[in-house]
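Dear colleague,

Please find the structure handed over below.

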Amino acid sequence: MKKLCIIFRQAPHGTAHGREGLDLSLLSASFEQEVSLIFTDEGLLTLLQDQDPESVGAKDYIATLGALPLYDIETVLVCQDSMLELGLQQTDFRIDVEQRSAEEISSHLANADEVIVF
Amino acid sequence: MSKFIIQVNSAAYGCASSYSAYRFAKAAIENGHSIEKVFFYQDGVLNTNHLNSPASDEFDLKQAWIDLHQRHGVALVNCVSAALRRGVLSESDAKENQYSHWNMQPPFIMGGLGELVIGIETADRLVSF
């Protein structure tokens, strides 16, 4: 088992990065890896409530975020600096996340075996 | 000496990172390391389109991957779902979907994301491009 940290940096529907990052997250967890997720930069927009991706021709993959606990993905961190930059509050998010400072995120990354950025 | 798995996320043409991935893989092998496999994900699956046809005076990255496989036995694995979404099909995918054509052939093979995860677990280090 390895500690995989998957970072989401891009907005959810303009590219396939978020969807394919989430696919890899769930698959890795189902292969018994210890998976943690970090949302930073515009990746935070993935977490917003009340989105309607199908209206822009995108698959509603973000509904799958609700399944993270079922896959034993319990560590979901968001970057506090990015929250400030984007004017977002915890109540804007559709799932429970933990806010972390840049320093805390750095130390989390230092503790991971592999970091994969989407 | 280390065992690497390489993840390629960008197309063969139009972005330098796939070429960087190839250069990294080649240099690692030449320096005595081993490459467990190259896993093509996201737009990286476009590296394996057999119809990639660069002009004769341009670098042929698809052929370079094939040479890497033939010389050093490096497995070249596509994420099948990422590939199908982007129109990269093996012969069996084409038949399954009732298409008369396909554009991926050996030594490239299709696999699932599990191949990447198993590769990550058994290699010393994943390097993504």
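R86(B) and E20(A) form a salt bridge, with their closest N and O atoms 2.9 Å apart; a salt bridge here is a side-chain nitrogen of Lys or Arg within 4 Å of a carboxyl oxygen of Asp or Glu. This pair crosses between chains, from the loop between α3 (80–85) and α4 (91–96) of chain B, where R86(B) lies, to helix α1 of chain A, which holds E20(A). Helices (H or I, at least four residues) and strands (E, at least two) are DSSP runs, numbered from the N terminus.

The model is predicted: local features need pLDDT of at least 70, side-chain atom pairs count only at pLDDT 80 or more, and totals for chains, interfaces and linings use all residues. Residues are numbered from 1 along each chain as its sequence is written, chains are lettered from A and ligands numbered from 1 in the order in which they are written, and side-chain values use heavy atoms, with hydrogens and water left out.

With a relative accessible area of 22%, R86(B) is partly exposed, whereas E20(A) is buried at 1%. Buried means under 20% relative accessible area, exposed over 50%, and partly exposed in between (1.4 Å probe, protein chains only).

R86(B) also forms a salt bridge with D43(B), where the closest N and O atoms are 2.7 Å apart. That pair links distant parts of the chain, 43 residues apart, as D43(B) is in the loop between β2 (34–40) and α2 (61–72) of chain B. D43(B) is partly exposed, at 36% relative accessible area. Salt bridges that share partners join E20(A), D23(A), D43(B), R85(B) and R86(B) into one network.

Over all chains, the count comes to twelve salt bridges. Another of them joins the side chains of R9(A) and D41(A), at 2.8 Å from N to O. R9(A) lies in the loop between β1 (3–8) and α1 (17–30) of chain A and D41(A) in the loop between β2 and β3 of chain A, so this pair ties together parts 32 residues apart in sequence. Both residues are partly exposed, R9(A) at 44% and D41(A) at 26%.

A further point concerns L116(B), in helix α5 (residues 113–122) of chain B. L116(B) is buried, with a relative accessible area of 0%. Leaving aside neighbours within four places in sequence, L116(B) is in contact (heavy atoms within 4.5 Å) with L24(A), I5(B), Q7(B), F39(B) and L126(B).
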